[in-house]
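The following exercises concern one protein model.

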Amino acid sequence: QDLANEGVPTRVDCRELPLRPFYRHQWLDVKDKVNNWLEAQVIDVSGEDVFIHYKGWKDKFDEKLNVSEDSSDLDRIRAPLVQFHEHPEPYQGQLDLKLGQKLDVHDSSEKWCEGEVI
């Protein structure tokens with residue numbers, strides 16, 4: 001298949017991608033339980049089970065995915081950036097920030113949190 005002329009496919013059989021063997025710290029795109037594609041990292045592998053952590057989410061949302069050949073979990077796993085979303089252009093205007101104003105910020109540990117203008 002000539003992807004240069006076809007663009008990025010909307011669905012790829014992950015078994016044809018270089019995902020295997022799964023390994024600790026491997027980055028993947030994983031469809032979560034509410035059908036959103038999220039970045040996830042493999043935190044452990046045990047036989048046919050791959051344990052993942054969603055980037056920016058609490059540990060309580062970690063999941064175990066079964067990666068045996070007949071598992072439906074395989075349809076939820078892609079190589080990074082296969083399932084990507086269009087991002088808006090960066091804001092080019094000037095922000096009118098006020099002292100004490102609250103806003104969402106992306107911190108250095110790759111998490112979103114509430115910030116305050118000081």
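**Exercise 1. A salt-bridge network**

Are R76 and E63 buried or exposed?

*Solution.* The conventions come before the steps. This is a predicted model, in which local features need pLDDT of at least 70 and side-chain atom pairs count only at pLDDT 80 or more, while totals for chains, interfaces and linings use all residues. Residues are numbered from 1 along each chain as its sequence is written, and side-chain values use heavy atoms, with hydrogens and water left out.

Step 1. Both R76 and E63 are buried; the term means under 20% relative accessible area, whereas exposed means over 50% and partly exposed lies in between (1.4 Å probe, protein chains only).

Step 2. Side chains of opposite charge can pair when their charged atoms come close. The criterion for a salt bridge is a side-chain nitrogen of Lys or Arg within 4 Å of a carboxyl oxygen of Asp or Glu. By this rule the count is 5 salt bridges.

Step 3. R76 lies in the loop between β4 (63–66) and β5 (77–78) and E63 in strand β4, so the pair ties together parts that are 13 residues apart in sequence. Strands here are DSSP runs of E (at least two residues), helices are runs of H or I (at least four), and both are numbered from the N terminus.

Step 4. D96 counts as exposed because its relative accessibility is 59%, and K98 counts as partly exposed because its value is 47%. Salt bridges that share partners join E63, D73 and R76 into one network.

**Exercise 2. Chain layout and burial**

*Solution.* Step 1. The protein chain has 1 helix and 7 strands. Of its 118 residues, 27% count as buried.

Step 1. H53 counts as buried because its relative accessibility is 18%. H53 and A40 are 13 residues apart in sequence, and their C-alpha atoms are 5.3 Å apart in space.

Step 2. The C-alpha atoms of V67 and G47 are separated by 8.9 Å, the two residues being 20 residues apart along the chain.

Step 3. W112 counts as exposed because its relative accessibility is 63%. Between the C-alpha atoms of W112 and W57, 55 residues apart along the chain, the separation is 9.5 Å.

**Exercise 3. The second largest pocket**

Which residues line the second largest pocket, and how do the residues of this lining divide by type?

*Solution.* Step 1. Rolling a probe the size of a water molecule over the atoms shows where empty space is left. A pocket is an open set of points on a 1 Å grid over the protein atoms alone, where a 1.4 Å probe fits, with protein on both sides within 12 Å along at least five of seven lines; lining residues have an atom within 4 Å of a point.

Step 1. The second largest pocket holds about 190 Å³ of space. Its lining consists of D32, K33, V34, N36, L38, Y54, W57, F61, D62 and E63.

Step 2. The lining of this pocket divides into 5 nonpolar, 1 polar and 4 charged residues.

**Exercise 4. Backbone angles**

Identify the phi values of H25 and N35 and locate both residues.

*Solution.* Step 1. Most residues other than glycine have a negative phi, and most peptide bonds are trans.

Step 1. H25, although not a glycine, has a positive phi of about 75°. H25 sits in the loop between α1 (3–6) and β1 (27–31).

Step 2. N35, also not a glycine, has a positive phi of about 70°. N35 lies in the loop between β1 and β2 (37–46), and N35 counts as exposed because its relative accessibility is 55%.

Note on methods
Points joined across faces, edges and corners; volume = space filled by probe spheres on them. Nonpolar A, V, L, I, M, F, W, Y, C, P; charged D, E, K, R; others polar.
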